[in-house]
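Hi everyone, thanks for coming.

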There are 2 protein chains.
Amino acid sequence: MKFTILFGGASYEHEISIVSAIALKKRLKSEPRFVFLDAEGDFWLIPARKMKSNHFSSGEYRKGERLTLATGGFQTRGLLKARRLEGVGTLLNLVHGAQGEDGTLAALFDFYRIPYIGPRKEASVVSFNKWLTKLYAEGLGIPTVEWQLLRVDGSRELDFDFPVIVKPLRLGSSIGVGVVHSADELDYALDVAFEFDDEVLVEPFIEGIAEYNVAGCRLGEGWSVGRIEAPGKREFLDFDQKYLDFARTDSVEEAPIDETLRADLIEAFKRVYGHTFEGALVRCDFFVASGRIFLNEINPIPGSMAHYLFDDFEGVLRSLAGALPAERTIRPDYAYIERVQSAKGPKTGSGL
Amino acid sequence: MKFTILFGGASYEHEISIVSAIALKKRLKSEPRFVFLDAEGDFWLIPARKMKSNHFSSGEYRKGERLTLATGGFQTRGLLKARRLEGVGTLLNLVHGAQGEDGTLAALFDFYRIPYIGPRKEASVVSFNKWLTKLYAEGLGIPTVEWQLLRVDGSRELDFDFPVIVKPLRLGSSIGVGVVHSADELDYALDVAFEFDDEVLVEPFIEGIAEYNVAGCRLGEGWSVGRIEAPGKREFLDFDQKYLDFARTDSVEEAPIDETLRADLIEAFKRVYGHTFEGALVRCDFFVASGRIFLNEINPIPGSMAHYLFDDFEGVLRSLAGALPAERTIRPDYAYIERVQSAKGPKTGSGL
């Protein structure tokens, strides 16, 4: 089974995606191919030996082979004629943030009928917009932390006491996120968040709340769920810390929790994943307070795809590639148009 | 201002889209261009004089000029070299159902930076999936009819008394929808609905409920809202009736309702539209019972875009084309990668 790792993208997480792809390369034993999507929207074939960050930051990648999307995969530009790129196999969508996680690339792959591991359009929209994530989770009976939605042109009156956490509605990797301890810090934190989105989510910030991350995927009738991780007890992961997080290549120990909580977290994970996230390996971040599990966020393309939580990560990828959701093929039969045409008679049929 | 009408698509509403485009052509005074998306995913330039339904049902369109997507618009295939198609202007997404209304084409236009009138990715997903529509509306404080979600492999036990209405979760135009009056009709109706989607929504069916359709769009600071329509009091519009509905070219009278209800319906419409549906001319179908307004569904690309509800439909399109939501342009600056590289020193910088 061949994999092609797609990374980059026109997003604030462009650099994170490069780091994530380099980390994944180190982890995979089989040699995947690499396709870089630059910020201009051009695709580039990257030889494995060039998978170093300065190949991209220097712009050197542009001397390589440019690709265009075509039905079933990519084309390279031959001298006179476009040529199909062979051996793409299953695409691994590793474009974090905009484009990769907002449904854009999912739609492109669906449209061009390219098999891919990653969230589909619905899953992307539901996880990318943090307000929709809350509606979705609560629609499934899974509580989330209470919230308030502010708009760039609206009131900044808060419903909650300090401290609060302020998040741009549609960004991942903690970009633009701030914890606000008092009223005089609020405007600055909101100004920062509104740099990234016209809508900002405000939640009460709960100091030292227990946090657990569960990653996995549905594989046909079964599931693969990784070790449950209890992320470090920093106030929250800022961009630099998250960045290093995306680069990690070491393995992670299972969180020391009792069997009941473990089972409940996995049950909550499966309910969130449902059928909506089929085709993706996702990570759900949960809070636990007073014995209740709250969904914090859904990360449909975790950094390096959270390989460090799985013993046989390549085996999971292979199984997932064999269990991708099928798109319904719809072919119009023109039955209605023909019925109208024949009712009108052969001569006037063209009048519709 | 030039418009290019895009229609067709790999969807159960393919034929409806053709009829819709032909009806819109009759209504527009300026001469738009036409691009047909066939079920195979190929785009074709269609001369205005060929806009007859049998041009498509016969497959004759394939003798015309094929187009491919490229940054900023379409390309035609010249003899040796691809040539940019000039004069596209603003695309008008008239692909009803899958692809057009599920976010696929929105994502393509976003990716290739083609200006378009039509729902964006989030708006598409939220309106295409009827369960998400309910979560979205209720999240905005607008009630919807109570519901139950069934899966093709799950229980068929109902929470409601008959009659109920059964709807595939992700289809428009009444395809696969059935009203079920008694238990012995249920299995057949569900089998039909499951032909189209693995998930089916069941709602109590309220005989003779008052129904009102409101269409419009946000234009910067202002709004354009069409005449409110009270659709005919048939049990529900089946596919054939809806089909004729998409072909209509006549104008529609304002529903005879009092000023309070009118204002409340428009207020509900604006709340649903919010900022999510910016760039699209949408129609919301509401129920009114015991003085309360319920959202039934959001149609983000109504048949022929509901031109029959507007006096100056072309004026609305022109204003909308001038008020399309701006995408944030994100250009990575590689600041982080460069920082890491310089910390490592010039010689080892390539180690990341």
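Predicted model: local features only at pLDDT ≥ 70, side-chain atom pairs only at ≥ 80, totals over all residues.

**Sheets, salt bridges and a buried helix**

Okay, let's start with chain A, where eight strands make an open sheet in the order β6-β5-β4-β3-β2-β1-β7-β8, and the pairing is mixed.

For an antiparallel example, take strand β3 (residues 43-46) of chain A, which is joined to strand β4 (residues 65-70) of chain A by three bridges. Which residue stands opposite A:L45 in β4(A)? That's A:E65.

Now over to chain B. There's an open sheet here too, with eight strands in the order β6-β5-β4-β3-β2-β1-β7-β8 and mixed pairing. Its edge strands are β6 (82-84) and β8 (116-117) of chain B, and each of them pairs on one side only. Let's zoom in on one end: strand β5 (residues 73-77) of chain B runs antiparallel to β6(B), with three bridges between them. In that region, B:R77 stands opposite B:A82 of β6(B).

Next topic, salt bridges. How many does a search of the whole structure find? Over all chains, the count is 32. I'll pick out a few.

One of them links the side chains of A:D187 and A:R156, at 2.7 Å from N to O. A:D187 is in helix α6 (residues 183-194) of chain A, while A:R156 is in the loop between β9 (148-151) and β10 (164-168) of chain A, so this pair ties together parts that are 31 residues apart in sequence.

Since A:R218 lies in strand β13 (residues 210-219) of chain A and A:E278 in the loop between α8 and β15 (282-289) of chain A, the pair ties together parts that are 60 residues apart in sequence. Both A:R218 and A:E278 are buried.

Back in chain B, the side chains of B:K134 and B:E203 meet in a salt bridge at 2.7 Å, N to O. What does that pair tie together? B:K134 belongs to helix α5 (residues 130-139) of chain B and B:E203 to strand β12 (residues 199-204) of chain B, so the parts it connects are 69 residues apart in sequence. B:K134 is buried, and B:E203 is too.

Salt bridges can also link up into a network, and here one takes in A:E122, B:R151, B:D153, B:R170, B:D197 and B:E199.

Two last stops. Helix α3 (residues 104-111) of chain B has eight of its eight residues buried, so it's largely enclosed by the rest of the structure. Among those buried residues are B:L105, B:L108 and B:F109. After α3(B) comes B:R113, with a positive phi near 50 degrees.

A:D264 is in helix α8 (residues 259-273) of chain A, and its relative accessibility is 40%, so it counts as partly exposed.

Definitions and conventions:
Residues numbered from 1 in each chain as written. Chains lettered and ligands numbered in written order. Heavy atoms only, no water. Helix = DSSP H or I, 4+ residues; strand = E, 2+ residues; numbered from the N terminus. Buried < 20%, exposed > 50% of the residue type's maximum accessible area, 1.4 Å probe, protein only. Pairing = 2+ DSSP bridges. Salt bridge = Lys/Arg side-chain N within 4 Å of Asp/Glu carboxyl O.
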